[in-house]
Structures are given as C-alpha cells and as structure tokens.
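User: Please examine the structure shown below and answer a series of questions on its architecture.

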Amino acid sequence: MTDGPLSKVFENIEKSENNLVRLCQDLIKFPTINPPGNDYKACVEYIGNRLKNRGFNIEYVRAHGVVGDCADYPRYNVIARYETGRKGPCVHFNSHIDVVETGDGWTKDPFAAELIDGKIYGRGACDMKGGLASSIIAVEALIDSGIELKGAIEISGTADEESGGLGGVAYLAEKGYFSKDRVDHVIIPEPLNVDRVCLGHRGVWWAEIKTHGRIAHGSMPFLGDCAVRHMGAVVASFEDKLYPAMAARFTQMPVVPEGAKQSTLNINSIHGGQEEGNAGLPAPCVPDSCRMIIDRRFLVEEDLGDVKSEVTGILRELETSREGFRYEIRDMLEVIPSMTKRDAPVVVATTEAIEEVLGKTPDLVCSPGTYDQKHIDRIGNLQDCIAYGPGILELAHQPDEYVAVEDMVNAAKVMASSAYKLLMK
Ligand SMILES: [Zn+2]
C-alpha cells in the first residue's frame, strides 16, 4: 500500500511479529499492580535494557517522596532517548507500566500472557502493555530501516497512571522531561482502538462528603441522630435534582462511548456507622458518621467551580431544610478537561498514517476517563499530544482482558508512519 521509505519499515514490522508477541508477553508477566505499585523496578529495567542495546540513552527516575513511594514499592520510571544526530524535533511515546488489580471472573491466568487465537490475554494486555510493545517495535523498525531520520525519539515507561500519575508523568513533567525544551510531539498508546485518534478527555472532580449524627442505643434510635439517614437524604437530592440536571448537558467533545458525552456522577462508595466486628457482627448503635465518595466527570463546556457549587448547593439546602443535618465536603482530585486541536501536527500525522495502514479515515474521539495527557498538557505545557494504541477501550480493567496481535502490528505501523511524518517534516 505504501511506496518509498515506509514500505521497508512496514516490512520490518511484519517480520517482527513474533518479536512483538514475545515483548508484549514479557511485559505482561511483570505483575505491576497498582496499588500498591508492584515490580516497577524490574519492569522499567527490562525496557531500559532492551532499548539500551538499540543505542538509546537510558535514564531511570524514581519519584522519591510521592504518595506511595517507599522501600517496598519504589516509584520507578524509565525514559529512553534515541538521538539521530541530525537536527529535528522529538517524538515521544509514553506508556504507563502499572496495571489495575485483577478482580474476579478470569478464565485465564492474568499474568501468564497466553497467546490464543491471535490474542494475548492478561492484566494490562489491552491497558496498555500491548500499546507499549507496539511503540517499541515501531521505533526499532524505523531505526533498522536505515532511513536517515531527523531529530530524536523517546520512549518512556511510567508509574502510577492508574492512581493519578503523580509518581509518573506528573513527576517527570515537573522535572522537565515533558517540556518544550526536549519534546515536540507526544503519542500515548492507551487503548482507544487501532482505528481512532483520541484528542483528550473529560474533567474529573472527586470529593468526599461526610454527614454527622449522634450515637445512641440501636433500640432507641430516637435518642440519637442517624448519619446514614442524612446521607440517604443527600442521595435522594442527587436523584431529584443533580442527575436530571446533568442528563440535560451534552458536550461538543467527541467523547466515546456515547453515554459519556454527558456529565456523569458515580457514587463510588458509602460507608456509615460503626465497623462490623471480626465475626461480622454489627454494633447495636445509631451511626454517628457516614462517608460518601463521589466521582464527577465534567465537560469542556462546564466550569469546575460551577460543578462544585452545584453539589455544595444541595448540601447547603439540606442544612436549612433538614433538622440536625451537618456535613463536611473535601476535594480529593481535580482534573481539568484536555483536548488537542483537530489540526495539531500529531493528529494530522496519525490520521494520515491510519489512512495508509487501515485504509479508513479514523474517528477523532475523546476518552471517557482521564489519562496522563492532563500532566503533559498542564505541567509540561505540551499541547501536541494524543492517545493512540491497539487496545480495545471496553476491555480495559475487565477480566480476560486481551490485545489482538493483528491490532498490535497495525498500531506499530501507524506509530512508525506517524513518527516518520513528524520527524521528517
Ligand atoms: Zn491506561
């Protein structure tokens, strides 16, 4: 399909299929579960050793002192940089190495990385070690092609994306690794499907709401004040007011899947009352406290201040209308929406590359959840950034998560072609 220098690169990638499979399997076999942040050092050293042998300059950066960093679970990152020796821009491929817990429901061993009918199964196969493997093979094939490339190529394997990225991309951006001084274009091989380009993501606000009551004997609840009932009133108000208001708001951001084109609110957890004892016995008391965690996803058209005051407004109203209602609210996480322009160089290059490799024009989408683009945008001040990778979005964090080998091969071709276009301009 492609003439000229890229045909050699694509041929290299096709010949490397077994190599790509093995690389992906090796990466999955590191059980880099986060939390707690297991096995990071071994995983980044594996990546570093491989790329060092290919002429990359390797730096290991531990995020000393961030949340979670400790002797047992050090937050290690690797940044590998390949200098072509010719002046030009830098294309950076960033993948997180951490995976979420396995959970129940698996029919395969989550860390055996079995290859069955063209699919590699395992925790992190889709999100996002398949993407990381594709980017490494893409860059190796470009280098091996003998094309006189310009500029530099970087590949990073970073920590803690699944817990917010503070020990990973945020830390590296603060240290200048993601900055205009050394990086021009960023591709994050997150699982957004092999035939789509992801421009960014919605915003996030996590908050903890507490209601208070007064403890009393459970046989005489009228002598106490039930914090769980107060929290029930909060949930009822959300149902009456907040959910209908959010359901009426749609975004112009091309968020997928369709349901995520709206504002959403998840109630992550509610815990109230005295803890049950070891034998599962509840205490016979009126609960004097209840705690709820909410996860509000907001749109580029919404203002974070308005999003917050919509919730605090409901709490204040209950304070006046409901006897004994006392509350506290605490911010836990804030992420502003991020969206790269549709005509940005990395979007244009990757769109053209997908057309070459897959023969179709990709949909430009936004992710329902956030990922490390927020730190690259906000801290690194790099706006030429997308997510593009071989994983299927809906499989992320699921039992029996997999990545298709064919999608990895195609994604590697797209990444190689996109990097080539960006470097040779
Ligand atoms: Zn991910």
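Analyst: Two strands are taken to pair if DSSP finds at least two bridges between them. The model is a predicted one.

User: In β11, which residue is the bridge partner of E208?
Analyst: Strand β9, residues 203–212, runs antiparallel to strand β11, residues 289–298. The two strands are joined by 10 bridges. In β11, the residue bridged to E208 is I293.

User: How many bridges join strand β10 to β11, and which residue in β11 is the bridge partner of H271?
Analyst: Strand β10 spans residues 264–272 and runs antiparallel to β11. The number of bridges joining β10 to β11 is eight. For H271, the bridge partner in β11 is R291.

User: What separation is found between the centres of domain 1 and domain 2?
Analyst: The domain assignment places 5–200 + 337–424 in domain 1 and 203–335 in domain 2. Taken over C-alpha atoms, the centres of domain 1 and domain 2 are separated by 36 Å.

User: Which strand gives the most to the side of domain 1 that touches domain 2?
Analyst: Nine residues of domain 1 are in contact with 12 residues of domain 2. By class, the domain 1 side of this contact has six nonpolar, two polar and one charged residues. The strand that gives the most to that side, with three residues from the range 363–367, is β14.

User: Are the axes of α1 and α4 parallel, perpendicular or oblique?
Analyst: Helix α1 (residues 5–15) and helix α4 (residues 125–144) have axes that come within 9 Å and cross at roughly 130°. Angles of 65 to 115 degrees count as roughly perpendicular and those over 145 as roughly antiparallel, so a value between these ranges falls in the remaining class. The relation of α1 to α4 is therefore oblique.

User: Which residues of α1 and α4 make the contact between these helices?
Analyst: The crossing of α1 with α4 is right-handed. By class, the contact has six nonpolar, one polar and one charged residues. The residues from α4 are I137, A138, A141, L142 and D144, and those from α1 are V9, N12 and I13.

User: How do the residues of the contact of α2 with α4 divide by class?
Analyst: Helix α2, residues 17–28, and α4 have axes that come within 9 Å and cross at roughly 135°, and the two helices are therefore oblique to each other. Their crossing is right-handed. The contact includes L20, L23 and L27 in α2, and L132, A133 and I136 among the residues of α4. The division is 10 nonpolar, three polar and one charged.

User: Why is one side of β4 and of β16 left without a neighbour in the sheet?
Analyst: The open sheet has three strands in the order β4-β5-β16, with antiparallel pairing. Because β4 (115–116) and β16 (402–404) stand at the edges, each has a single partner strand.

User: In β16, which residue is the bridge partner of K119?
Analyst: Strand β5, residues 119–121, runs antiparallel to β16 and is joined to that strand by three bridges. In β16, K119 is bridged to A404.

User: At what angle does the direction of α10 run to that of β16?
Analyst: Two helices can be described against β5 and β16. Helix α4 lies across both strands, running at about 45° to β16. Helix α10, residues 405–424, packs on the sheet and touches β5 and β16. The direction of α10 makes with that of β16 an angle of about 60°.

Conventions:
Residues numbered from 1 in each chain as written. Predicted model: local features only at pLDDT ≥ 70, side-chain atom pairs only at ≥ 80, totals over all residues. Helix = DSSP H or I, 4+ residues; strand = E, 2+ residues; numbered from the N terminus. Domains from an automatic or database assignment. Contact = placed C-beta atoms within 7 Å. Nonpolar A, V, L, I, M, F, W, Y, C, P; charged D, E, K, R; others polar. Axes fitted to C-alpha atoms, helices over the stretch in contact; angles between N-to-C directions. Parallel < 35°, antiparallel > 145°, perpendicular 65-115°, else oblique. Left-handed = near helix turned anticlockwise from the far one by under 90°.
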